[in-house]
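Please keep the sequence and the three-dimensional view at hand while reading.

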Amino acid sequence: MAEIIRSGAFLQQCWSVHPLCLMVKRIEPERIVVLTCSSCRMVHRVTTGAITTHVSTGNPSLPARVIAQPDGLVALQSCLSTHAPALSVREMDVFQDAVWIRCAECRSQFDLTVSQFETHQK
């Protein structure tokens, strides 16, 4: 049976040690975003509250458009289904209960407010 750890510390450590190995795998019901790590083979599940979407203008002198919407999850699901390999965890903070995901393809950034962190070990 796999052990479940309900703390963001394991995700924080995984991301800080090998950030390029952390991938957005899928979105489950109940607003759960599943992240997998190909290096440590852990599965991280973050239950999200609000998701804010920022869309880059492509011009560094112009600020990004902010689309604050409670259904930012829909935009993240659309981005995941269109270009999943381009999604990456850019930053996270367990003290702020936040994870920031960025898409290299469409330049969108998704700010996830996390209500629960879980790490599943095999």
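Which residues does C40 touch, not counting residues up to four places away in sequence? The model, which is a predicted one, gives C14 and H18 as the residues that C40 touches under that condition. C40 itself is found in the loop between β3 and β4. With a relative accessible area of 32%, C40 is partly exposed. Another relation of C40 spans much of the chain: C40 and Q121 are 81 residues apart in sequence, yet their C-alpha atoms are 9.1 Å apart in space.

The cysteines deserve a further look. A disulfide is a covalent bond between the sulfur atoms of two cysteines. How many disulfides does a search of the whole structure find? The search of the whole structure finds zero. C14 is accordingly in no disulfide, and the nearest cysteine sulfur, that of C37, is 3.4 Å away. A disulfide requires the two sulfur atoms to be within 2.5 Å, and the 3.4 Å between the sulfur of C37 and that of C14 is therefore too far for a bond. Both of these cysteines are buried: C14 has a relative accessible area of 5%, and C37 has a relative accessibility of 4%.

β3 and β4 form a hairpin with five residues between them, and R41, in the turn, has a positive phi of about 60°. The two strands run antiparallel and are joined by five bridges. Within this pairing, I32 stands opposite T47 in β4. β4 also pairs with β8, again in the antiparallel sense, over eleven bridges. There, the bridge partner of I51 is L112 in β8.

In soluble globular proteins, nonpolar side chains tend to be buried together. In this model, the largest nonpolar core has 26 residues, and L112 is among those with the most contacts inside it, together with L22, V33, L87, V99, I101 and F110. Which elements give two or more residues to this core? They are the helices α1 (9-17) and α2 (72-83), along with the strands β2 (22-28), β3 (32-37), β4 (43-55), β6 (87-93), β7 (98-103) and β8 (108-121). Leaving aside residues up to four places away in sequence, L87 touches V24, L76, C79, L80, I101, R102, C103 and F110.

Side chains of opposite charge can pair when their charged atoms come close. A search of the whole structure finds four salt bridges. R26 forms one of them with E28, the closest N and O atoms being 3.1 Å apart. R26 is partly exposed, with a relative accessible area of 38%. E28 also meets the side chain of R45 in a salt bridge, at 2.6 Å from N to O. This pair links distant parts of the chain, as R45 is in strand β4 and E28 in strand β2, 17 residues apart. R45 in turn meets E118 in a salt bridge of 3.1 Å, N to O. Because E118 lies in strand β8 and R45 in strand β4, this pair ties together parts that are 73 residues apart in sequence. Is E118 buried or exposed? E118 is buried, with a relative accessible area of 12%. Taken together, R6, R26, E28, R45 and E118 are linked in a network of salt bridges.

Most residues other than glycine have a negative phi, and most peptide bonds are trans. E30, although not a glycine, has a positive phi of about 70°. Its place is in the loop between β2 and β3, where E30 is exposed, with a relative accessible area of 67%. R107 is likewise not a glycine and has a positive phi of about 65°. R107 is found in the loop between β7 and β8, and with a relative accessible area of 41% R107 is partly exposed.

Conventions: Residues numbered from 1 in each chain as written. Predicted model: local features only at pLDDT ≥ 70, side-chain atom pairs only at ≥ 80, totals over all residues. Heavy atoms only, no water. Core = buried A, V, L, I, M, F, W, Y, C linked by side-chain atoms within 4.5 Å. Buried < 20%, exposed > 50% of the residue type's maximum accessible area, 1.4 Å probe, protein only. Helix = DSSP H or I, 4+ residues; strand = E, 2+ residues; numbered from the N terminus. Contact = heavy atoms within 4.5 Å. Pairing = 2+ DSSP bridges.
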